[in-house]
Amino acid sequence: MFLALLVIVILCFSLVILFGAPYLPTLKKQKTIALDLLALEPGQTLIEVGSGDGRVLKAAAERGIYAVGYELNPILVLASWLVTLKHRDKVKIIWGNYWSKKWPDADGVYAFLHTDYMKKLDKKMRETRKKTKLASVTFKIPGKKNIKEKDGVFLYQY
Ligand SMILES: C[S@@+](CC[C@H](N)C(=O)[O-])C[C@H]1O[C@@H](n2cnc3c(N)ncnc32)[C@H](O)[C@@H]1O
């Protein structure tokens, strides 16, 4: 039983790398910087691509922001659902692949991915209908000039 559970957990965390960045949570300092750079107003909407354990969704909701997270790993979907329990009216977590989903209109996007996916993210961002800002932790969009940068967090305007 224990072994079966362990195999399931390992599969959930490892299979994700076929579709995107592996799980590595944003540090508290960078999370705050990214949300500050995005500077969304209460009532505005943030999308987080790969919402992990829900810490960013929770911090956004505490600022009065509507936060939509896409997450592929079902264990992290459950964990983030629990972490954001107090903010059910503000936080929506979607179990699925963010590349294949049609994103809702949003005022900001939060990403902590990997170099390999930044070009694809740029293409997806260009498909957004609304004027949107992107805060990317650690990784830059190749060939696109950021409008702000602080401590390894890059802000882009689309
Ligand atoms: C580097 S972690 C960042 C987690 C969180 N955004 C944070 O900053 O704390 C990337 C997350 O994206 C998820 N992920 C990777 N590829 C994905 C995909 N194609 N669709 C949905 N989630 C994905 C992983 O499971 C992981 O939780």
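Tutor: This is a predicted model. One may begin with burial, where a residue counts as buried under 20% relative accessible area. Strand β2 (residues 66–71) has five of its six residues buried, so the rest of the structure largely encloses it.

Student: In which sense do β1 and β2 run, and how many bridges join them?

Tutor: Pairing is read from the bridges between two strands. Here β1 and β2 are parallel and are joined by five bridges. Leu 46 has Ala 67 of β2 opposite it. Between these strands the chain passes through α3, and this β-α-β crossover is right-handed.

Student: Which strand pairs with β2 over five bridges in the parallel sense, with residues 91–95?

Tutor: That strand is β3. Within β3, Ile 94 is the bridge partner of Tyr 70. A right-handed β-α-β unit is formed by β2, helix α4 (residues 74–83) and β3.

Student: How much space lies in the largest pocket, and which residues are closest to its centre?

Tutor: The largest pocket holds about 410 Å³. Its lining has 28 residues, and Ala 21, Pro 22, Tyr 23, Gly 50 and Phe 112 are the closest to the centre. Both β1 (45–49) and α3 (55–62) contribute at least two lining residues. By class, the lining has 17 nonpolar, seven polar and four charged residues.

Student: What is the composition of the lining of the second largest pocket?

Tutor: That lining comprises four nonpolar, two polar and seven charged residues.

Conventions
Residues are numbered from 1 along each chain as its sequence is written. This is a predicted model: local features need pLDDT of at least 70, side-chain atom pairs count only at pLDDT 80 or more; totals for chains, interfaces and linings use all residues. Side-chain values use heavy atoms; hydrogens and water are left out. On a 1 Å grid over the protein atoms alone, a cavity is a set of points where a 1.4 Å probe fits but cannot get out, and a pocket is an open set with protein on both sides within 12 Å along at least five of seven lines; lining residues have an atom within 4 Å of a point. Grid points are joined across faces, edges and corners, and a volume is the space filled by probe spheres set on the points. Helices (H or I, at least four residues) and strands (E, at least two) are DSSP runs, numbered from the N terminus. Ala, Val, Leu, Ile, Met, Phe, Trp, Tyr, Cys and Pro count as nonpolar, Asp, Glu, Lys and Arg as charged, and the others, Gly among them, as polar. Buried means under 20% relative accessible area, exposed over 50%, partly exposed in between (1.4 Å probe, protein chains only). A crossover is right-handed if, with the strands pointing away from the viewer, the path from the first strand over the helix to the second runs clockwise.
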